[in-house]
Amino acid sequence: MTYIKPTFRHPGLPKNALGFAKSDYEGAISTLCAGCGHDSISGGIIQACFEMNVEPHRLAKISGIGCSSKTPTYFLRNSHGFNSVHGRMPSVTTGANMANRDLIYLGISGDGDTASIGMGQFVHAIRRNLNMVYIVMNNGCYGLTKGQDSATADLGSRTKPGKPNPFEAIDLVGMALELKATFVARSFSGDKTQLVPLIKAAMSHPGFALIDVISPCVTFNNNKGSTKSYDFVRDHIAATSVLDFVPEQEEITVEYEEGSSADVALHDGSVIALRKLAPKWDPTDRYSAFLRLQKSKMDGEILTGLIYIDPKSQELHDLMNTTKRPLNTLREDDLCPGSVKLEEINVSMR
Amino acid sequence: MSDIINDMVIRFANVNGTGSASANNMFSKAVFRMGLPVSPKNIFPSNIQGLPTWYEVRINEHGYLGRRAGIDVLVAVNPQSYEKDIASVRSGGYFIYDSSKPLHKQDLRDDITYLGIPMMQLSMDFFSVPRQQQLFKNIIYVGALAALLNMDMDVIRQIIREQFAAKPKLVPPNFQALDAGYNYANETFSCPLPIHLETRDNVGDHILIEGNAATALGTIYGGATVAAWYPITPSTSIIKEFESYAKQLRIDPETGQKNYASVQAEDELAAMGMVIGATWNGARAFTTTSGPGVSLMGEFIGLAYFAEIPVVLINVQRGGPSTGMPTRTQQGDLMTCIYASHGDTKHICLFPSTPAECFEMTAECFDLADRFQTPVILVSDLDLGMNYHMSPPLKWDDNRRYDLGKVYNAEELEQLKEYGRYLDVDDDGICYRTIPGTHPTKGSFFTRGTSRDEYARYTESGEVYVRVVDRLLKKWVTAQDHVPAPELYQKEYRSSKGIVFLGTTTYAALEAMDMMEAKGISVDAIRIKAFPFNKTVADFMEEHDEIFVIEQNRDAQLRTIIMNELEIPPSKLTSILNYDGMPITAKTIVDGIQAHLSVGAEA
């Protein structure tokens, strides 16, 4: 089934610096359930790309399999997209990034796609500090196959069709910190004011940027007894900070009261302006991020916001010393050593 | 008995990890430089250090380089395997051993000649450090062989000089060890032995190179920029060679940065995912693996086939199934490669039989993958990949341009009224793709492994699905005339009988043909170089009444594929099989064919 959206646009719609309206960043009509958290995240991505003046063709959206991985159809219609195989988005993104280091790579995954079948590829993308934004649309269940528990479902949490989950949850944020991911954040699909600046900051971060977004499944996991329902998340959320993303060319206008503000300057000159809500927490100190995360867990809170960032992050191409020119632009003159060289090699084999 | 000149099999029995490989290669290279066709084979354990390992060299001035059974000379440096080694020598052959310690008398046969050389003792006389004693012991037996087999010492000395060009201090002790072995043999035995070598001029401009090194050069010359891989024997040395050549040949002269990326993946699935991501994004990329890796890549291969993404996969086959015989050779992945993945899939496969073909076909794989937007598999094997082969030199035409296939650039997209990723505009089954980042508003599409229409939109329409998969078949038919054509070994057919083979079976098959010819049995021969089969292959099957399909697996996979794809009656196709992990011999083929013919004659 393909839904076609009308392409008519009101001429008075606001445009960004590239002359695109926000609607130019939209995609096909979503076929997810009405009220699905994932659609709000798609909205956040659209908003962030519009405000960031992203050229749509300079971004590639890549996903695995599942409800989450369908969403790239619903945003950025002028970007190339790749709905790959289950749990393997990170490897496809790695290859794509190797071929052209100049694009923005937006990886979309779910909790099944990342924390179960794709765990191996997830951790290795972190280990390599692949330059990408990795969004997990985390609803604690397998929606497309009718609501089985996923590996991020909390102990004792209950989906609509299921019994209380007997297993401990895998916390992707804690894991990413342990693996020394260079940008770690958690957010909530119901909190766009937090999510949009996080996506912008993640896109500016040179390296692996994880945003684990709690995104309730309205059909199978939004019931009483679920720890991933809208109500439960709203009641238990605790943010590290209020943050604003300030692109390179803009002046910082957000002013927070002294002592609580922390500006993190990024590689490209942009700044994340933070108003800290959590005490004894420094976003550039992994140890304090760890402690803060553990404390939230003990207090029964869902910690959101930017949790850790390494402003000195060196992405995979830097580590590999790859040419600055995208590899996919190199042709015979750069690549083929020619017949004279080959004859030298022949001679050395005699 | 008269002397046997330039026709022998010599086997070295060593301990893994003692530096014997370098001495053994030195021996082979010296024979090659004496103008003699040579074919060394490693018979090695899946082990780092300590287990028995063998190195078998066939020398044949007529250029027959397939494996031949019957060991004429055995150089035994490993007491662990003496018993087996003594038993393996042909009657009348020679057993050269390290006589620093005596042989157990009960092992001795009286139909072979024992030549004891105190290799370790001599080494200890000259060298004091234990590791040196170990290493130079190997050079000592090379020196002894030089005397026993009448080898050119100047040639060996030159090889030593070249090998240690960067460490010239090592040249004199190597010379010393070489002379020690040479002099001992000369003084102790009547040299040369009746079986020995004489210099000839029979190697022309050929080179001595491992298939995997040639394959690596093929990826460099073919324009690959992204290598994604997971270590597995016997494919790993391709990556080692790729990285080593890339460091010399692929560095940006201005910045010193790399014009390539080599990523060690977390597993074979990820390796294939990376290749798919890279080629989808417009780079040339490849992965290397062996059978178990191909199994793991299955799902992704299907994605690349269905979503039409170029992929180059190099499979260096080893003995399967499962972990199988990881250090032995086989052609057991033919079915796995040709029909890899679930659903209806078939893939372009190329079958090299020499290092020169490894080079040429690997480069061609990239053109074919881009042209047909599909996986292309180079199907090599351990024998070809990990052994030195005498090969025609590698050739490259500087006017050759990469065929990047049908890709719209920004200008073409600008002119285009309407773009559909899967529209068969040219009616050859191949559609136009676009690379991410090309045009701000035109040409984007959504790649997926689900069924989709001509505009890359998801669909569950059976009608559209059938249209798509039928077009994939049309594309595959188009490919028949673009893949390497088979090689025929006669100007016109002269027999109702034929033999068919591919890959490394070629060496033994061609020798077998000559052996049968000498016995008055004439057969026609065809070597398959690629799948899909083209018309020449089909015609050969049609034109012959009795066809022997020679291959190196248990289940006669090539025969099955021929039956299946060309609809040839099974009764016409007789299998000649070899699947013990050692390369097939000409004798196996001749015996198999003769046995079948005599049964036929009796009936």
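# A tour of chains A and B

Start with chain B: for its 603 residues a compact globule would have a radius of gyration near 25 Å, and the chain has 27 Å, which agrees. That radius is taken over C-alpha atoms, and the globule rule is 2.2 Å times the number of residues to the power 0.38. This is a predicted model, in which local features need pLDDT of at least 70, side-chain atom pairs count only at pLDDT 80 or more, and totals for chains, interfaces and linings use all residues. Residues are numbered from 1 along each chain as its sequence is written, while chains are lettered from A and ligands numbered from 1 in the order in which they are written.

**Chain B, whole.** The C-alpha trace spans about 85 × 75 × 40 Å along its principal axes. Colour by secondary structure to find 19 helices and 23 strands; these are DSSP runs numbered from the N terminus, helices being H or I of at least four residues and strands E of at least two. Of the 603 residues, 53% count as buried. A residue is buried if 20 or more other C-beta atoms lie within 10 Å of its own, exposed if 12 or fewer, and partly exposed in between, with C-beta atoms placed from the backbone.

**Domains of chain B.** Select 4–196 for domain 1, 209–391 for domain 2, 406–469 for domain 3 and 487–602 for domain 4; the bounds come from an automatic or database domain assignment. The centres of domains 2 and 3 of chain B, taken over C-alpha atoms, are 27 Å apart. Nine residues of domain 2 are in contact with eight residues of domain 3 in chain B, where contact means C-beta atoms, placed from the backbone, within 7 Å. On the domain 2 side, H10(B) gives the largest share, three residues.

**Strand S23 of chain B.** Select 573–577 and centre on Ser575(B). Ser575(B) counts as partly exposed, because it has 18 C-beta neighbours inside 10 Å. Leaving aside neighbours within four places in sequence, Ser575(B) is in contact with Val549(B), Ala556(B) and Arg559(B).

**The contact between the chains.** Show both chains: 58 residues of chain B and 51 residues of chain A take part. On the chain B side, elements giving two or more residues include helix H7 (211–221), helix H9 (268–280) and helix H10 (291–307) of chain B. H9(B) gives the largest share, nine residues. The chain B side divides into 33 nonpolar, 16 polar and nine charged residues; Ala, Val, Leu, Ile, Met, Phe, Trp, Tyr, Cys and Pro count as nonpolar, Asp, Glu, Lys and Arg as charged, and the others, Gly among them, as polar.

Next, select strand S2 (residues 80–83) of chain A together with S17(B): the two pair in the parallel sense over three bridges. Pairing requires at least two bridges found by DSSP. Asn83(A) has Arg448(B) as its bridge partner in S17(B).

**Chain A.** Chain A has twelve helices and 13 strands, and its C-alpha atoms fill a box of roughly 75 × 55 × 50 Å along the principal axes. Of its 350 residues, 56% count as buried.

Finish on helix H7 (residues 192–204) of chain A, whose end C-alpha atoms are 18 Å apart, in agreement with the 18 Å that its 13 residues should span at 1.5 Å a residue. That expected span is 1.5 Å times one less than the number of residues. Eleven of the 13 residues of H7(A) are buried, so the helix is largely enclosed by the rest of the structure. Among them are Leu195(A), Ile199(A) and Met203(A).

Key
Two residues are in contact if their C-beta atoms, placed from the backbone, lie within 7 Å.
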